[in-house]
Every structure is written in structure tokens, then in C-alpha cells.
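The following note sets out some points for a colleague who is reading this model. It moves from the overall fold to the annotated residues and then to the ligand surroundings.

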Amino acid sequence: MTVLFQSADIDGAATRPLVDRFGRTISYLRVSVTDRCDFRCVYCMSEHMTFLPKKDVLSFEEIDAIVRAFVARGVRKVRLTGGEPLVRRDIMELVRKLGGYLGKGLEELTLTTNGSQLARHAEGLAAAGVRRLNVSLDTLDPARFAEITRRGRIEDVLAGLEAAQQAGLAIKINMVAMRGVNDDEIEPMLHWAHGRGCGLTLIEGMPLGEVGVDRVDQYLPLKELRDRLAARYTLTRLNQTTGGPARYVRVEETGGVLGFITPMSHNFCESCNRVRLTATGQLYMCLGQEDMVDLRVALREGGVGALDGALDRAMLLKPKGHDFVLDRSHAEPALTRHMSVTGG
Ligand SMILES: Nc1nc2c(ncn2[C@@H]2O[C@H](COP(=O)(O)OP(=O)(O)OP(=O)(O)O)[C@@H](O)[C@H]2O)c(=O)[nH]1
Ligand SMILES: C[S@@+](CC[C@H](N)C(=O)[O-])C[C@H]1O[C@@H](n2cnc3c(N)ncnc32)[C@H](O)[C@@H]1O
Ligand code: SF4
Ligand code: SF4
């Protein structure tokens with residue numbers, strides 16, 4: 001195997017932080033380790049997907065080299081995502097490698113997962129230094145779960161959650177709010193999640209990739225949900241941030257934390273701090289735009305030494321924000337690229 005770099009000290013302050021043209025500092029890297037998934041959630045994928053060729057997928061050594069370059073430039077948070085990160089073969093090998101950067105520049109290593117494989121990986125994740133996970137779950141009803149995921153078994157996810165909590169991992173549940181699909185379950189989910197010590201974050205559906213369902217009908221602005229919840233519960237605004245896009249409140253009646261991610265109704269791009277690496281090594285500067293730098297090409301043609309320059313080029317390309325529009329006259333996806341490619 002080619003050794004891409006020798007061990008060097010990446011501890012301490014970044015010498016040249018990553019700052020874009022709008023003065024935003026990049027401190028958060030999302031890494032899609034695979035675009036494949038064992039589910040086909042209706043808002044994310046179509047029933048029949050063509051996945052990226054396996055031969056083009058970055059090796060763990062290449063991902064490691066790229067993450068290292070980012071940490072050296074001031075990235076403090078890395079999230080593994082996908083597709084489903086836990087379906088990539090030998091994924092724990094990568095988690096352990098990246099866990100080695102914790103305390104040496106990296107402050108948080110975490111994952112977003114559908115939970116289906118969590119039961120067998122929870123202890124390993126905790127041992128590698130992961131402290132919290134975001135688990136996507138849009139319903140508590142087994143039949144509805146099977147419909148939304150087009151093939152998932154809720155029992156597997158619940159067993160995964162149990163194992164993760166046993167392993168001491170903090171859990172935030174991600175729920176995409178969909179009108180006419182799961183909007184009758186917001187309050188039950190809130191009580192269920194908070195009752196077991198998990199946070200709950202509601203998300204507005206975004207128009208990425210052709211998925212075979214009518215996104216316009218399903219779109220539910222979270223302002224509407226927030227008003228509905230505020231009529232029943234006392235919501236106290238929290239200033240806490242995880243470095244992600246959610247805005248949080250405490251629900252006084254349950255004592256738990258509720259988050260709102262509102263890319264459609266309230267754009268949070270002015271405070272964007274993140275970039276995204278796909279499984280095949282393209283660094284996208286925005287979830288909702290096409291601007292990218294190919295780090296796989298940079299690495300394979302120029303070695304690790306070429307990464308720094310590629311990151312500088314990337315900063316010049318980061319756009320101001322997305323241009324998502326979702327209404328009857330814009331029913332097409334904003335981009336053909338599915339969420340599972342860019343990792344959400
Ligand atoms: N438009 C937009 N959506 C985002 C961005 N980051 C995350 N999301 C969406 O937010 C939802 C939840 O993302 P997660 O993977 O849980 O990550 P996070 O919100 O950063 O997580 P925390 O670290 O817990 O704050 C997903 O639907 C993402 O697609 C972003 O930069 N822009
Ligand atoms: C793409 S998934 C990848 C990680 C993992 N498979 C999972 O589902 O948690 C990351 C997050 O994006 C969310 N997501 C997927 N498609 C979305 C869309 N069109 N709009 C908003 N959120 C979406 C999912 O609900 C999930 O919370
Ligand atoms: S949201 Fe996650 S679990 Fe669902 S299809 Fe997309 S990648 Fe898979
Ligand atoms: S849509 Fe693009 S610019 Fe806006 S927060 Fe997300 S990644 Fe950042």
C-alpha cells in the first residue's frame with residue numbers, strides 16, 4: 001500500500017485557517033463514505049438508484065489524508081455520513097483512524113446514520129472516541145417506517161438506538177417533517193425522544209435529486225409546526241449550537257431539546273461553516289450548488305502536498321448560499337445530485 005504521508009504533528013492552532021470570499025471560516029467537514037444505503041427513503045432517493053462505481057471510491061487511506069489536511073487547516077468537527085456510513089465495509093477501521101485526531105486538533109468525530117447497523121457498531125464507535133450520533137427516524141409506526149424507507153425494519157433501528165445509549169452515546173433524532181406523511185407524529189415523537197433522553201431535530205425537506213414523490217405536496221414549513229407546538233408547550237430559546245444549522249429550544253414540559261433546520265423557509269447560509277467530501281473525493285462547497293474541487297485527482301496526481309493548494313482553490317469557489325425554491329412552478333429538483341451523494 002502506498003504511504004501517502006508520514007506522521008507529523010497537527011496539534012495546535014491552524015497556521016492558515018480556511019476562510020472563504022465572504023469571510024466565513026470553515027471548521028466543519030462532512031464526509032460521505034459511501035453513496036450506497038440499505039434504505040431508499042422517499043425524500044432522499046428513488047426506488048432504483050445508480051450508485052457511484054466502486055473503483056472510484058476513495059480508500060480509507062485517502063480519506064484519512066484528506067481529513068488530516070483539513071484538521072491542519074483548522075477543521076474541528078468531522079461528521080461521517082452517506083448514503084449509510086455504517087454499510088461501508090470495514091467502516092470501523094476508518095472511524096478508529098480518524099478517532100486518532102481527537103484532541104490533536106479535532107474536537108468532534110461524529111456520524112449521521114439511519115441506525116440499521118448501529119446495534120453491532122455502537123460499542124466500537126464509543127471506543128473510537130465518538131460521543132454523540134444523529135439517528136434519522138421519521139416515524140414510530142412500523143408500517144409507515146417501511147413505507148417511508150421503502151425497505152427498512154424499524155426494529156433494527158430501535159435495537160441500534162438501545163445499543164448506542166447502552167454504550168453511552170448521546171443521541172439526536174433527525175426527523176424530516178412531511179405534510180400528510182408524518183406531521184401527525186410530531187408530538188408523539190417529541191415525547192418518545194425526550195422520554196428516552198434523546199434530542200429531536202425537525203428538518204424541512206430539500207429539493208435534491210429525483211426521488212419519485214411529489215415534494216411540493218409534502219413540503220411543511222417548520223414555522224407552521226413551531227407555532228403549533230408553541231400553542232401547546234413552553235418553548236425556551238437556547239443559544240447553544242453544535243456547529244450545525246439547527247436552532248434549538250428547550251421544551252419545558254418534557255425537559256428535552258428540540259431543533260429546527262429550516263433551509264427552505266429561513267436560510268442560514270450566512271453563517272455556513274462547512275464543506276462536503278463525496279465518497280469519490282469531490283469536495284462540494286455547498287449542499288445546494290455544483291461548485292466543487294476534485295480532491296481525488298489532486299491527491300492521486302500530486303500526492304498529499306497538492307491538497308493544501310486544492311483547499312485554497314476550494315475557498316474561492318464557495319458560493320454565498322443555495323437557490324432552493326419549491327413550489328408548483330419549480331417542482332423539479334434544484335440539482336440532479338441526490339442528498340446521498342453529498343451526505344446531507
Ligand atoms: N441546507 C443545508 N442543510 C444542511 C446543512 N448541514 C446539514 N443540513 C441538513 O440538516 C439535516 C441534519 O444534518 P445532520 O447530518 O444531522 O448534521 P448537523 O445538523 O450538522 O448535526 P449537529 O452536529 O447535530 O448540529 C440534514 O437533512 C442535512 O441535509 C447545510 O449546510 N445546509
Ligand atoms: C442523506 S442522510 C445520510 C446519513 C444516513 N443515511 C441517515 O439517513 O441518517 C443525512 C440526513 O439527510 C436527511 N435528508 C435526506 N434527504 C433529505 C432531503 N431531501 N431534505 C432534507 N433532509 C434530507 C436525512 O433525513 C438524514 O437525516
Ligand atoms: S436518508 Fe439516509 S437512510 Fe434514507 S435513503 Fe438517504 S441515505 Fe439512506
Ligand atoms: S446551503 Fe450551502 S451555503 Fe447554505 S448552509 Fe448549506 S452548505 Fe452552507
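1. Helices of at least four residues and strands of at least two are DSSP runs, numbered from the N terminus. On that basis, the chain in this predicted model has 11 helices and 12 strands. The radius of gyration is 19 Å, close to the 20 Å that the globule rule gives for 344 residues, so the chain is as compact as a globular protein of that length.

2. The C-alpha trace spans about 55 × 50 × 40 Å along the principal axes of the chain. Of the 344 residues, 42% are buried. Where contacts join residues at least 6 apart in sequence, 77% of them link residues at least 24 apart.

3. Which residues does the UniProt annotation "binding site" cover? The record, an unreviewed entry, lists Arg-30, Arg-79, Thr-112, Lys-172, Arg-274, Val-275 and Arg-276 under that heading. Two of these positions are taken up in the next points.

4. Arg-79 is part of strand E2, which comprises residues 77-81. Is Arg-79 buried or exposed? Arg-79 counts as buried because it has 23 C-beta neighbours inside 10 Å, and the threshold for that class is 20 or more. Leaving aside residues up to four places away in sequence, Arg-79 touches Arg-30, Thr-110, Leu-111 and Thr-112.

5. Arg-276 lies in strand E10, residues 274-277. Arg-276 is likewise buried, because 22 other C-beta atoms are found within 10 Å. Its contacts, again without residues up to four places away in sequence, are Arg-30, Ser-32, Tyr-284, Leu-287, Thr-342 and Gly-343.

6. The residues around ligand 3 are Cys-37, Phe-39, Arg-40, Cys-41, Cys-44, Met-45, Gly-82, Gly-83, Glu-84, Asn-114, Ser-136 and Ser-340. By class, this shell holds 5 nonpolar, 5 polar and 2 charged residues.

7. Around ligand 4 stand Pro-245, Phe-268, Cys-269, Cys-272, Arg-274, Cys-286, Leu-287, Gly-288, Gly-321 and His-322. The class counts for this shell are 6 nonpolar, 3 polar and 1 charged.

Key:
Residues are numbered from 1 along each chain as its sequence is written. Chains are lettered from A and ligands numbered from 1 in the order in which they are written. This is a predicted model: local features need pLDDT of at least 70, side-chain atom pairs count only at pLDDT 80 or more; totals for chains, interfaces and linings use all residues. UniProt positions are given in the numbering used here, feature names are shortened, and annotations may be inferred rather than shown by experiment. A residue is buried if 20 or more other C-beta atoms lie within 10 Å of its own, exposed if 12 or fewer, and partly exposed in between; C-beta atoms are placed from the backbone. Two residues are in contact if their C-beta atoms, placed from the backbone, lie within 7 Å. A residue is near a molecule or strand if its C-beta atom, placed from the backbone, lies within 6 Å of it. Ala, Val, Leu, Ile, Met, Phe, Trp, Tyr, Cys and Pro count as nonpolar, Asp, Glu, Lys and Arg as charged, and the others, Gly among them, as polar. The radius of gyration is taken over C-alpha atoms; the globule rule is 2.2 Å times the number of residues to the power 0.38.
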